[in-house]
Amino acid sequence: MIVSMQERATEEQIYAVIERMEEAGVDVHRTTGTVQTILAGVGPTANIDLSVFEVLPGVLNVLRISSPYKLAGRAFRPEGTVVEFANGVKIGGEHVAVMAGPCAIENREQIFTIAACVKAAGGGFLRGGAFKPRSSPYAFQGLGIPGLQLMHEAAREHSLLTVTEVMEIAQIEPMLPFTDLFQVGARNMQNFNLLRELGQARKPVLLKRGISATLEELLLSAEYIMAGGNYDIILCERGIRTYETSTRNTMDISAIPVLHKLSHLPVVADPSHGTGRRDMVPPMAKAAVAAGADGILVEIHPNADKAASDAAQTLYLDQFEKLVGELRVIAQAVGRTL
Ligand code: PEP
Ligand code: MN
């Protein structure tokens, strides 16, 4: 159930409603937006008489939520979520975020060169995998924590934030000092134990869509994290597996407006994994921004063809710079900044 409070509801009134909701047997999640406070009651609500809540002082209206996700649904924060980072950078809202970097951190020179390029292009986030979920156990698995340390150093030198994939619970703690945004990869979208644990971590999470996941399943995975009290989630469309073989995955651009309709969470697009082909990355990145994406996540490398992983979909640095220039024009055309 969702209880929307009136604009001028007092703290006393809000607490009284929270108390009544808890008495009715639900967990209460509170969000205070720019205009009003919204209280989501999560748990068994089928037998709760909503009219009791409608007449409590300060209540504007009460809704029963029929979708299986309550906190990730749009009604919890009708105005949309803006995830704010320690340095003031935001994802969601007017600005379109640019996140770029190699698929895998390889060495010091590589990551420092890329960090400088991301900054010069106007990007805000340096991406790079230190723990890589490779399809083959014999492929490069990443540098682990020492790689992450390198990326963190490179990012800070250029006032960038870091985004990197966490594959298991035991990695969360050692990754914390070097990670501004935890990426949950497509293969782990339904690793519910990992999601629960990230619900306890006080760091934002970039949640990628699984290769065969419906949008409802993606939102239910976000719900797992939110149920733990971590509301700073960014959804990511990264392509899904279809019968089409001319691209690595099929980039589902329509997921962007659908997710915006269903959820208040920001939506980022990853056209690198979405297509698997360097030449297809710029058109899909542009389409995503035109469709309302709140950010773009792309793989770049100074020597893209020789990248240790995902070389075929990795952009050269000059291609990335050109792309960001084009994205800026599109962002402006759809009322955004970049
Ligand atoms: C990645 O970002 O390098 C990655 C492995 O992504 P995904 O989980 O979407 O395959
Ligand atoms: Mn990759």
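Reply: About 200 Å³ of space lies in the largest pocket. On a 1 Å grid over the protein atoms alone, a pocket is an open set of points where a 1.4 Å probe fits, with protein on both sides within 12 Å along at least five of seven lines. Grid points are joined across faces, edges and corners, and the volume is the space filled by probe spheres set on the points. The model is predicted, so local features need pLDDT of at least 70 and side-chain atom pairs count only at pLDDT 80 or more, while totals for chains, interfaces and linings use all residues. Residues are numbered from 1 along each chain as its sequence is written, and side-chain values use heavy atoms, with hydrogens and water left out.

The lining of the largest pocket consists of 16 residues, and Lys132, Pro133, Arg187, His273 and Asp310 lie nearest its centre; a lining residue has an atom within 4 Å of a point. By class, this lining has nine charged, four polar and three nonpolar residues. Here Asp, Glu, Lys and Arg count as charged, Ala, Val, Leu, Ile, Met, Phe, Trp, Tyr, Cys and Pro as nonpolar, and the others, Gly among them, as polar.

The second largest pocket holds about 150 Å³ of space. Its lining is made up of Glu84, Phe85, Ala86, Asn87, Arg156, Leu161, Asp180, Lys203 and Pro204. Four of these residues are nonpolar, four are charged and one is polar.

Definitions and conventions. Chains lettered and ligands numbered in written order.
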